[in-house]
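Let us read a structure feature by feature. Have the viewer open and the side chains drawn.

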Amino acid sequence: MHLSFSDCDLDVERRILRRAGCVVHVEPQVFSLLVALAAAKGRVLDRDAIIDAVWNGRIVSDSAISARVHAARQAVGDDGRAQNVIRTVTGVGFQLAQTVRSGGQETVELEVPAIEQDVHMTKSLDGTGLAWASSGASHDGQPALLRGGHWLTHLELDLKNHVWAPLLAHLNQGRRLLRYDVRGTGLSTRNVSDLSLDRFVEDMLVVLQASGEQQVDIVAASQNVPVSIAFAVRYPERVRRIVLLSGFLRGADRRRDSAPSMTDAFLALLHNGWGDSGSPFMQSFYAFYMPESTRAERESLAEIQFASASAEMAVAYRRAIASFDVTDLASLVDVPVLIVHAQKDAVNPLSEAQDIATHIPDSQLMMLDSANHIPLPRDPEWARALEHITRFLSD
């Protein structure tokens, strides 16, 4: 159940507060107070009602109540002077001064921010056409930020997507953001045969050269993690800092605890279900990649997948990255690295992130209490990670 008012949304079951589409972190007692005020739908809550809702009837001081009300007002963008959201009723208590809307999780949409971009085409070293985009501008001497290409993106549809658009908007704040569709997908050349690690590294270099940037920070996700590690070793002068999300050193076929038959089974589901959002493959995909997603997020991501690549290319891509292995290169990375990984990631196990942290000398590991391999804006752990990423890249 969701309770929404003004530009705020309370996800009651997950205990998440969002304001203007962004997660706002609040203490549990502050969240309970907001739920109580919203559930009252305009009724005034007196001191006893607040104590029952927030402290389960335990005796607390008036100053404790005032502190939680003050924190709640800050969280929803209100203050004690304006009282546009939380109103003090002198001598009685507090009430929510906004109309409250209620609904199920699937009916509450996440706001998709607007991003203006310029799309360009360039050629990789083997002649493959690569589509890349630039948006925003860097301030205060910050380098541009390159989001490494991964499976599967679409430069145009990404900006309308309930999964990628909020994350891209966050990364674009105060920086020039560079993105590209990997070979064989999105707006890049579709019919390609060379999906080797070396080609993916070359493609990153070509995009960087086309952008005119000499040095960038990199945010790499999933299969772009080994590509970015190899890129940083091969072109150290081009990289200042790296953020690695949900990544791995060894593809599924190279892991000690993974049998090739598992990859084959996944690829069979992929090939047979591609293009059908209700297929068993898609249901399995959601269960593995983003088990805590909403219907809007699932449908939005499915639209990108089906527009980005054919079933044959999707299978070829997944088969190629299953053989990647940069274990021997990781120790040669000579820049600061932040590794962010969900502890219950079913796609790339946490042990892969631990291996990355073990091999890269100047690295730090941030583990998230989440099962989502794909970062979801609604996931409070990923929202916390974005704040940490921002601080890391600002140093």
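This is a predicted model: local features need pLDDT of at least 70, side-chain atom pairs count only at pLDDT 80 or more; totals for chains, interfaces and linings use all residues.

Q: How many salt bridges does the rule count here?
A: The rule asks for a side-chain nitrogen of Lys or Arg within 4 Å of a carboxyl oxygen of Asp or Glu. The count comes to 18 salt bridges.

Q: Which residue forms a salt bridge with Asp126?
A: Arg199 does, with the closest N and O atoms 3.6 Å apart. The pair links distant parts of the chain, 73 residues apart. Asp126 sits in the loop between strand S9 (118-123) and strand S10 (129-135), while Arg199 belongs to helix H5 (residues 197-211). Asp126 has 30% relative accessibility, so it counts as partly exposed.

Q: Where do Asp158 and its partner Arg147 lie?
A: Asp158 is in the loop between strand S11 (144-147) and helix H4 (164-171), and Arg147 is in strand S11, so the pair ties together parts that are eleven residues apart in sequence. Their closest N and O atoms are 3.2 Å apart. Both Asp158 and Arg147 are buried.

Q: Which parts of the chain does the pair of Arg255 and Glu352 link?
A: The two side chains meet in a salt bridge at 3.9 Å, N to O. Arg255 is in the loop between strand S14 (239-245) and helix H7 (260-273). Glu352 is in helix H12 (residues 350-359), and the two are 97 residues apart. Under 20% relative accessible area means buried. Arg255 has 8%, so it is buried. Glu352, at 1% relative accessibility, counts as buried too.

Q: Which residues do salt bridges that share partners join into one network?
A: The network holds Asp126, Arg183, Asp194, Arg199, Glu202 and Asp203.

Q: How should I describe two packed helices?
A: Use the angle between their axes and the distance between the axes. Take H5 and helix H6 (residues 224-234): the angle is about 70 degrees, and the axes are 9 Å apart. Angles of 65 to 115 degrees count as roughly perpendicular, and H5 and H6 are therefore in that class. Their crossing is right-handed. The H5 side of the contact includes Leu197, Phe200 and Leu208, and the H6 side includes Pro226, Val227 and Phe231. By class, this contact has ten nonpolar, two polar and two charged residues.

Q: How many of the residues of helix H10 (residues 311-321) are buried?
A: Eight of its eleven residues are buried, and the helix is mostly covered. Among them are Met313, Tyr317, Arg318 and Ile321.

Q: Which residues does Ala53 contact, leaving aside its neighbours within four places in sequence?
A: Ser32 and Ala36. Ala53 lies in helix H2 (residues 47-55). Its relative accessibility is 34%, so Ala53 counts as partly exposed.

Q: What should I expect of the backbone in general?
A: Most residues other than glycine have a negative phi, and most peptide bonds are trans. Now look at the peptide bond from Trp151 to Leu152: this bond is cis, with omega near -10 degrees. Leu152 is in the loop between S11 and H4.

Q: Where are Asn56 and Ser222, and are they buried or exposed?
A: Asn56 is in the loop between H2 and helix H3 (62-75). Its phi is positive, about 55 degrees, although Asn56 is not a glycine. At 65% relative accessibility, Asn56 is exposed. Ser222 is in the loop between strand S13 (216-221) and H6. Phi of Ser222 is positive as well, near 50 degrees. At 10% relative accessibility, Ser222 is buried.

Technical notes:
Residues are numbered from 1 along each chain as its sequence is written. Side-chain values use heavy atoms; hydrogens and water are left out. Helices (H or I, at least four residues) and strands (E, at least two) are DSSP runs, numbered from the N terminus. Buried means under 20% relative accessible area, exposed over 50%, partly exposed in between (1.4 Å probe, protein chains only). Axes are lines fitted to C-alpha atoms, for helices over the stretch in contact, and angles run from 0 to 180 degrees between N-to-C directions. Angles under 35 degrees count as roughly parallel, over 145 as roughly antiparallel, 65 to 115 as roughly perpendicular and the rest as oblique. A crossing is left-handed if the near helix is turned anticlockwise from the far one by less than a right angle, and right-handed if clockwise. Contact means heavy atoms within 4.5 Å. Ala, Val, Leu, Ile, Met, Phe, Trp, Tyr, Cys and Pro count as nonpolar, Asp, Glu, Lys and Arg as charged, and the others, Gly among them, as polar.
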